[in-house]
Every structure is written in structure tokens, then in C-alpha cells.
Amino acid sequence: LVKRNAGLDPAQEAEARAWVEQVIGDSLGDGSFHEVLKDGTKLCQLVNAIKPGTIKKFNKAPKMPFKQMENIGIYLTGCKACGVPDHELFRTIDLFENKDMRQVTLNIFA
């Protein structure tokens with residue numbers, strides 16, 4: 001965990017957070033970047049804000065981990081539909097288990 005997130009730049013993460021908030025028109029809240037993105041809802045909103053209608057259905061307030069991971073997968077599929085190349089995506093566990101937030105942040109800049 002420490003090694004994978006070692007290259008995470010706090011300024012870059014703050015910039016990504018501010019950009020997401022601006023695009024979706026909503027605050028991400030007070031939690032860490034990982035905590036506020038972990039359930040995938042804000043990410044799904046992001047894709048739909050960029051390209052409306054890309055994600056037809058996602059879990060709006062998932063409490064169950066498998067529903068949260070499903071949302072992350074839906075977001076990643078939405079990224080592909082918007083033309084984000086595979087090498088700029090992340091794995092679901094990179095976000096869900098906080099394994100590689102650097103890659104998650106880089107994906108947001110894609």
C-alpha cells in the first residue's frame with residue numbers, strides 16, 4: 001500500500017478533487033479522496049456530466065461493498081465509452097481497497 005501510493009502527489013490529488021467537484025457541480029465532502037470516491041457514485045456522475053447518458057444506471061447510495069465495486073466497474077466502462085485508453089484506467093481494487101490512488105488520480109486527468 002505504501003509503495004503503490006508513494007508517487008501520489010497531494011497537489012495533483014487536490015487539483016483532481018477540485019476538477020471533479022466543478023464538473024459534477026457538487027462537493028465531494030470532507031473525507032479523503034479515497035473515501036469520497038470509494039462507492040463509485042461521484043465517478044459515475046462525473047462520466048454523465050462529461051458525456052450525458054453514458055451511464056444509464058448505477059447504484060445511487062450503495063452500502064454493500066459489492067454494489068460499490070459494481071459502481072466503480074460501471075465508471076470504468078463509462079471511461080472506455082468516452083474514449084479513455086485502457087492504459088489510463090485503474091483496477092477496481094486500486095480504488096476500493098486504496099491500493100493505487102495515484103493511478104486513480106491519473107485516470108481522472110485522462
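**View 1. Helix α6 and its cover.** The buried residues of α6 are covered by elements that include α1, α2, α3, α4 and α5. This is a predicted model. Within α6, the buried residues are Met101, Gln103, Val104, Thr105, Asn107 and Ile108. An α-helix makes a turn every 3.6 residues, so residues three or four places apart point the same way.

View 2. Thr105 belongs to helix α6. Is Thr105 buried or exposed? Its relative accessible area is 0%, and buried means under 20%, so Thr105 is buried. Neighbours within four places in sequence are set aside here. Beyond them, Thr105 is in contact with Leu8, Gln12, Glu13, Ala16 and Phe33.

**View 3. Phe33 and its partners.** Which residues does Phe33 contact, leaving aside its neighbours within four places in sequence? They are Glu13, Ala16, Arg17, Leu28, Met101, Thr105 and Ile108.

**View 4. The largest nonpolar core.** This core holds 25 residues. Which of them touch the most other members? They are Phe33, Leu37, Leu43, Tyr75, Phe90, Leu95 and Ile108.

**View 5. The whole fold.** The protein chain has six helices and zero strands. From the N terminus on, its elements run α-α-α-α-α-α. The C-alpha atoms fill a box of roughly 35 × 30 × 25 Å along the principal axes. A compact globule of 110 residues would have a radius of gyration near 13 Å, and the protein chain agrees because its own value is 13 Å. Take the contacts in the chain with a separation of 6 or more: residues 24 or more positions apart account for 50% of them.

View 6. Of the 110 residues of the protein chain, 39% count as buried. The chain exposes about 6200 Å². Carbon and sulfur atoms supply 54% of that area. How many positive and negative side chains does the protein chain have? There are 15 positive and 14 negative ones. The centres of the two sets lie 7 Å apart.

Key: Residues numbered from 1 in each chain as written. Predicted model: local features only at pLDDT ≥ 70, side-chain atom pairs only at ≥ 80, totals over all residues. Heavy atoms only, no water. Core = buried A, V, L, I, M, F, W, Y, C linked by side-chain atoms within 4.5 Å. Buried < 20%, exposed > 50% of the residue type's maximum accessible area, 1.4 Å probe, protein only. Contact = heavy atoms within 4.5 Å. Helix = DSSP H or I, 4+ residues; strand = E, 2+ residues; numbered from the N terminus. Rg over C-alpha atoms; globule rule 2.2 N^0.38 Å. Areas by Shrake-Rupley, 256 points an atom, 1.4 Å probe, with all protein chains shown as cover. Lys, Arg positive; Asp, Glu negative; His and termini not counted. Charge placed at Lys NZ, Arg CZ, Asp CG, Glu CD.
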